[in-house]
Amino acid sequence: MVGKVNEELNAVPENLAVRISTGPRYCSGMLVAPDLNASDEPVSTPLVLTCAHYFRTAPLNSFNIRGRGFRGKLDAVRVINGTDIAIARLRRSAPPRKLLGVGSQFFYPGMKTATYGFGGNSAEANVKPGTVLFPTPLSISRGGGTRVRPAAVQLNSPKAIKGDSGGAVLAARHKDGQLCINAVQSLILDPLGINFGLATVAPLRPHLKTLRRAADSLMAMPRS
């Protein structure tokens with residue numbers, strides 16, 4: 001069963017991952033449905049799940065989106081306060097595709113994950129298998145500007161690197177084995193520029209109600 005789950009974690013269609021950029025800076029994200037549920041049939045959606053810290057230093061209209069088969073711009077973002085999670089809206093919806101749901105999995109030591117990100121300026125999203133080491137109530141970036149509450153620390157191989165921030169962290173549900181987006185990549189541990197392969201992720205479970213309200217708010221906004 002473990003081998004099957006690990007294989008499925010690394011076989012999610014890459015056409016769900018998106019690269020968000022402004023100038024030379026970029027981060028990662030993943031398309032999600034307006035109701036945040038999985039879709040058995042292809043769905044067109046304007047919503048992207050990503051990290052919050054990327055949106056602090058540039059005007060919203062400067063952000064470009066690139067996914068497999070489409071390009072676009074953002075017209076709105078909702079940041080989830082107290083952690084490093086955000087939902088952004090595309091000006092035009094992405095082409096239809098089957099989407100993963102947002103999950104409510106607890107993070108526990110030994111849990112297997114997979115992070116999808118564009119770190120290293122990759123043209124395609126890379127899959128980075130991970131193992132959760134421990135959950136923690138709070139993680140803070142070196143400068144204190146990013147706070148993840150609660151958080152989980154995992155070991156990735158290959159290592160998570162800059163540019164993977166915002167990438168979807170996938171895990172399988174206990175009951176039925178269905179794959180879900182359960183966190184977003186937030187921080188890496190790299191004192192003195194040395195990447196130890198330890199990554200802090202922002203679990204979605206504690207913020208599901210706020211995420212759904214944010215998604216509903218974005219969908220209700222008039223188009224720019």
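The model is a predicted one, in which local features need pLDDT of at least 70 and side-chain atom pairs count only at pLDDT 80 or more, while totals for chains, interfaces and linings use all residues. Residues are numbered from 1 along each chain as its sequence is written, and side-chain values use heavy atoms, with hydrogens and water left out.

**View 1. The barrel and the pairing of S3 with S6.** The barrel is closed by 6 strands in the order S1-S2-S3-S6-S5-S4, with antiparallel pairing (strands are DSSP runs of E, at least two residues, and helices are runs of H or I, at least four, numbered from the N terminus; two strands pair if DSSP finds at least two bridges between them). From one strand to the next, the twist averages 40° (axes are lines fitted to C-alpha atoms, for helices over the stretch in contact, and angles run from 0 to 180 degrees between N-to-C directions). S3 and S6 are joined antiparallel by 4 bridges, and Leu 49 stands opposite Ile 87 in S6.

**View 2. Helix H2 and its buried face.** Leu 208, Leu 211, Ala 214, Ala 215 and Leu 218 of H2 are buried (under 20% relative accessible area, with exposed meaning over 50% and partly exposed in between, for a 1.4 Å probe and protein chains only). Seen down the axis of H2, these buried residues fall within an arc of 120°, so they line one face of the helix (the arc being that of the directions from the helix axis to the C-beta atoms). The face turned away from them carries the exposed residues Lys 209, Arg 213 and Ala 220. H2 lies across S3, S5 and S6, running at about 130° to S5, and its buried residues pack against strands S3, S5, S6 and S7 (contact means heavy atoms within 4.5 Å).

**View 3. Strand S14 and its partners.** Strand S14 (residues 179-188) is mostly covered, since 9 of its 10 residues are buried. Strand S13 (residues 168-172) runs antiparallel to S14, joined by 5 bridges, and Ala 172 has Leu 179 as its bridge partner in S14. S7, by contrast, pairs with S14 in the parallel sense over 2 bridges, with Val 102 opposite Ile 181. Towards S15, the bridge partner of Val 184 is Ala 202.
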